[in-house]
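Reader: I would like to learn how to read a ligand site. Can you take me through one?

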Amino acid sequence: MASGGGGAENGEGRKGESVLVTGGAGYIGTHTVLRLLEKGYVVTVVDNFHNSVPEALDRVRLIAGPALSSRLDFIPGDLKSKDDMEKVFAAKSYDAVIHFAGLKAVGESVAHPTCTTRTTWPAP
Ligand SMILES: O=c1ccn([C@@H]2O[C@H](COP(=O)(O)OP(=O)(O)O[C@H]3O[C@H](CO)[C@@H](O)[C@H](O)[C@H]3O)[C@@H](O)[C@H]2O)c(=O)[nH]1
């Protein structure tokens, strides 16, 4: 997160700051989203469920409870699609982006090297 004011430096988070989490339905993503909500951030997840399921975000909402979940938005989207990304950035402004929507399985990267590269280093 950017520095300057607030309590982010001592681990308190900055209430109301908006964070976009790509791949927020994945393993590390869901844990991070939950922690961000607990810290007071407004969180938007973009994910195409390439390697996860919608129920993962349902479980985050269940654990977080209705109050914290009211600060969680989900936008379906593919990082390789310029149209999808324009929708994500038209929806609101973000104070920070955390990029977890990477493909890193060795077998998949050997079988589909172009797709892996374009996803992990977004092309649009
Ligand atoms: O083009 C893409 C590609 C991926 N994703 C999403 O990005 C997320 C990536 O999450 P995941 O595949 O779970 O990766 P990690 O969170 O890095 O977790 C991986 O790495 C962990 C640490 O090694 C392991 O414990 C997990 O089992 C393994 O899934 C998933 O929701 C995907 O659907 C997209 O949205 N778009």
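Author: We go from the ligand's surroundings to its contacts, its cover and the record. This is a predicted model, where local features need pLDDT of at least 70, side-chain atom pairs count only at pLDDT 80 or more, and totals for chains, interfaces and linings use all residues. Residues are numbered from 1 along each chain as its sequence is written, and side-chain values use heavy atoms, with hydrogens and water left out.

Reader: How many residues surround the ligand?

Author: A residue is near a molecule if one of its heavy atoms lies within 4 Å of it. Here 17 residues surround the ligand. The closest are I28, D47, N51, S52 and K104.

Reader: Which polar side-chain atom lies 2.9 Å from a nitrogen atom of the ligand?

Author: A polar contact is a pair of N or O atoms within 3.5 Å. The atom in question belongs to N48. An N or O atom in the side chain of S52 is 2.7 Å from a ligand oxygen. G26 uses a polar backbone atom, 3.0 Å from an oxygen atom of the ligand.

Reader: How much of the ligand does the protein bury?

Author: Accessible areas come from the Shrake-Rupley method with a 1.4 Å probe. Taken alone, the ligand exposes 710 Å². The protein buries 73% of that.

Technical notes. Polar contact = N/O pair within 3.5 Å; in protein donor to acceptor, adjacent residues only side chain to side chain.
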